[in-house]
Amino acid sequence: MSAAQQEHSTAANQSLPARTSVGRGSLVWIAASVVAVTIAHAAGALFGLDAGAAVWAHEPLHALAESTGAVIGLAVAVAVLLTHKLGFAPGRSIPLAYGLITMSVLDLLHAASHVGEQFVWLHTLATIGGGAMFAIVLLPDRVVTRRNWPGFICCALVVFGVATTFVPSWAPSMLSDGQFTSAAVALNLCGGALFLVAAMRLFMLYRTTGVEDDLLFAVHSASFGGAAVMFRQSTLWNFEWWWWHGLRFAAYLLAAGFAILTVRRMVGALHRHRQDLQSAYDDAFQQASENHRMLEGLRNALDEHALFSMTNTQGKITDVNEGFCKLSGYSRDELIGQDHRVINSGYHPRQFFAEIWRTITSGQPWRGEICNQAKDGTLYWVDSTIIPQFSADGAISGYTSLRFDITSRKQMQGKLRKAQLELAEQQDRFTRAINGSTDGLWDRDLIIGTEWYSDQFKALLGYSEDTFEQLEPSAEAWACLLHPDDRERVLRHADDAIAGRCRYDIEYRLRTTYGTYRWFRARGSRLADDNGRATRFSGSLTDIHELKLIQAELESRNKSLVDARERLELAIDGTNDGIWDWRDVQDDAEWWSPRFYSLLGYADGEIPSTLSTFKSLLHPDDVQPTLDAVKVAFDGGAPFDVTYRLRTKTGEYRWFRGRAKVFHDEGGDPRRMAGSLCDVHDLREAEAQLEVLNRDLLAKNEELERFVYSASHDLKSPIVTIVGFASLVKNELGSGDIGELVNHINRIERAAMRMRQHVDDLLELSRVGRERNDPKVVDLAVEFDAIIENHEVEIARQNAIVLCELETSELVCDPAHIRQILNNLVGNALKYGCSNDSSRVVVGARPSERGLTEIFVDDEGPGVDERHATRIFDLFQKLDKSGTGTGVGLAIVARIAQHYGGRAWVESNIAGGASFRVTLGCPMNESDVICAQDGALR
């Protein structure tokens, strides 16, 4: 039996009901058969005493009875082999089927022969051959089913019987003076004995297993055995001759009854099996539909807020989304096969694109801002990220680009720069153009009422993971954050968008965690079912607070240039800046305004207003750059506009911005210098905090990009598998051909489990550092024992030896984090580090540097190439592409280590094997983890 057949038989036995008891109808048939056989034997023995001398020669009737029984026997044999193939019959039924085939074929030859030596010989060979095949049931099942040797014996006996018809001398003498020879009698008695022994064995098997087929074949075999025993007391055409022929015909009829009962049971079981498969198909199809709707929601959000394209290794476009076509003005057909020069605006030099190509062809991602040209000639700006895609052998197979439209932000920056040129003296508050942050994403399930918000959504409102969860996020909680003046308008607009009456695009104010309100722009779309009922509501949130302020400021400034100049003069009189005047650049004396002194914490005139005093207040690192800027201004170069630190009266240094104008005499030499001093310390501190937030946003954007990549690739593959095989199941159910249904259902289940494992691993990774559990004193010995017990089956299968070495027995942390680390590292060691029997895996803990605790897992496997020693801890990185893992386990270990102020790494031992190590300390807050991640990247 092939491996595929064994798998099919096993699946059938698991899905169809086992026959462990005899049905009522079968009991009646068996009881009637036993009584009939017993009466037939007794009657034949009794009647033979009186009618033994009666002789009736009739070859046609004899040929009809033998050939009819033989045809029945062949049909029953085919039914037995078929039921065994489908898993309805045990392995010991194989020799019984081949025994019936042997007897039936030889009996057909016997029926076609004329009375004589060959006539008796073919019947005798059928009896001894059939008895021998039936007696094979005395052997163990594993011997019978190991190979198809009973079939070879059957073929050999049939071939030998056919050969003796052509070479009669090969067969022993069967008749002498019209009577059976001793050889004929002996061979028939031997065959009958084998039949009777087989009958007893089958009856004992029935007593042990309760399988009704064994009892039926026991009665069948006993009938053949009784007929063979009666051969010795018969002669050609006498009463006993016809009687045992009748017994053999009855045995064939009994076998036919067995076949009918078996087919009825098989049809019933297949009907129940079909119902089970239909139920499984319905469940799988429902799950696949739900997953498809979820992916459609994500794709709609991506089409709404981002531009997506894919190119081959030559840079030719192979795929674009609707957002790309909409913004560029080109159709999909116009873009496919072209390169990105079709939207080149000419704004950037050729070296700009050469550097992009050099970066991505080296296998590194590229991110930056690009100015493109639409089909109608208009220019637009995008924030673009280009990521190389790799094939299974590590070669670059193409490139994926994700872009965000930032044209409005660029246009606003241009307007701001124009305003700065017109109002050069008043641009201290608008020195930088405001960069819009990445949008926050949200999704609402309208059926079950659940809400999901991205980390960036929470950050836009100033919330951390824990503080946001305390709000118990819901549609009602979100409504409470709306500004009272906006609430009714926004809720009405949301209801209209969910009902499909309008597109969701609205601006409103939300209260942040600091108690203040900020302006946001919300855009979204709904997902509806086949009946038009909205099931999901998804979209994005963009911070437009600074944009609102700039718009208001520009409207105010653009009213009148004359009024702006007049307000400028008033602003100078009432400015908050300190004013200074260096009347003679050849002298040390200067003049400082009272505000200049107060900015430094001094009273008016409390310290000398001289150049020497100013130099002494400068931070040592800022003295030379400031003097160099003065010299450049004296030489007529760039105007003096420098940011530096000054020491205040309290002794601390604060950041200030100094701007000044140099006045020259008629000879062009510097004569006088006057300017202002502005306190920008808070601004510099805010910039530093903004830099930290930007790093956080970048890290989270990269994680979101990897998640989108996983959802569009790793989740798409099992869904395609599920939909494909579900369609095959549906087609086969419709056609009635269900031979491959079990295999298709198994493939669907494996694909669904693979998708579920991928989603569970991503969720587990997202929880690290966000689920706040109180640290506890963890007994490492107890945790190690628990992990070893959890992997007990895998350890036994690998025949591995797991040892524990504890130099440190306790650790203060979240117990769940220790279990995650040990479960992933020990599981990897057992899966990839046990290259031979009795491989050793050492798990332990010991003190490490900086008061940390080191957890280590050593194995004796092939080790890890140094080139991949760092990469394997990145998300979705798998060295073994054929493995069943998702590439998330080691990323979880690394993130837990960062959460506790430590790190994770791997070392390859000289003698072979790998050593995975993790250092842990005290739990860190989220900002510390961000800094640690940034430090690791640098």
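Me: A crossing of two helices is left-handed if the near helix is turned anticlockwise from the far one by less than a right angle, and right-handed if it is turned clockwise. In which sense does helix 27 pass helix 29?

Reply: In this predicted model, helix 27 passes helix 29 in a right-handed crossing, which means that the near helix is turned clockwise from the far one by less than a right angle.

Me: Why are helix 27 and helix 29 called oblique to each other?

Reply: Two packed helices are described by the angle between their axes and the distance between the axes. Helix 27, which covers residues 780-790, packs against helix 29, residues 815-832, at an angle of about 45°, and the axes are 10 Å apart. Angles under 35 degrees would count as roughly parallel and those from 65 to 115 as roughly perpendicular, so an angle of about 45° leaves the two helices oblique.

Me: What makes the contact between helix 27 and helix 29?

Reply: Helix 27 contributes Leu780, Glu783, Phe784 and Ile787, while helix 29 contributes Pro815, Ile818, Arg819, Leu822, Asn823 and Val826. By class, these residues divide into seven nonpolar, one polar and two charged.

Me: How do you know that strand 8 and strand 12 pair, and in which sense do they run?

Reply: Two strands count as paired if at least two bridges are found between them, and strand 8 (residues 440-445) and strand 12 (residues 534-543) are joined over six bridges, so they count as a pair, and the sense is antiparallel. At one of these places, Asp443 has Ser538 of strand 12 as its bridge partner.

Me: Why do strand 9 and strand 10 stand at the edges of their sheet?

Reply: The sheet is an open one of five strands, in the order 9-8-12-11-10, with antiparallel pairing. Strand 9 (451-453) and strand 10 (504-511) each have a single partner strand, so one side of each is left without a neighbour in the sheet. On average, and with direction ignored, neighbouring strands here are turned by 25° against each other.

Me: Which helices lie on this sheet, and which strands do they meet?

Reply: Helix 18 (residues 484-498) lies across strands 8, 10, 11 and 12, and runs at about 150° to strand 10. Helix 19 (residues 545-557) packs on the sheet as well, touching strands 10, 11 and 12, and its direction makes about 125° with that of strand 11.

Me: Why is Thr535 called buried?

Reply: Thr535 lies in strand 12, and its relative accessibility is 9%; since a residue counts as buried under 20%, Thr535 counts as buried. Leaving aside neighbours within four places in sequence, Thr535 is in contact with Arg444, Asp445, Leu446, Ile447, Leu527, Ala528 and Asp529.

Me: How do you know that strand 15 and strand 16 are paired, and what lies between them?

Reply: Eight bridges join strand 15 (residues 640-647) to strand 16 (residues 653-664), and because at least two are needed, the two strands, which run antiparallel, count as paired. Val642 stands opposite Gly658 in strand 16. The two strands form a hairpin with five residues between them, and in its turn Gly651 has a positive phi of about 95°.

Me: What makes strand 24 a covered strand?

Reply: Seven of the seven residues in strand 24 (residues 914-920) are buried. Ala914, Phe916, Val918 and Leu920 lie on one side, and Ser915, Arg917 and Thr919 lie on the other, so that both faces are covered. Asp858 stands opposite Ser915, while Ala904 stands opposite Val918.

How values were computed: Residues numbered from 1 in each chain as written. Predicted model: local features only at pLDDT ≥ 70, side-chain atom pairs only at ≥ 80, totals over all residues. Heavy atoms only, no water. Buried < 20%, exposed > 50% of the residue type's maximum accessible area, 1.4 Å probe, protein only. Helix = DSSP H or I, 4+ residues; strand = E, 2+ residues; numbered from the N terminus. Axes fitted to C-alpha atoms, helices over the stretch in contact; angles between N-to-C directions. Parallel < 35°, antiparallel > 145°, perpendicular 65-115°, else oblique. Contact = heavy atoms within 4.5 Å. Nonpolar A, V, L, I, M, F, W, Y, C, P; charged D, E, K, R; others polar.
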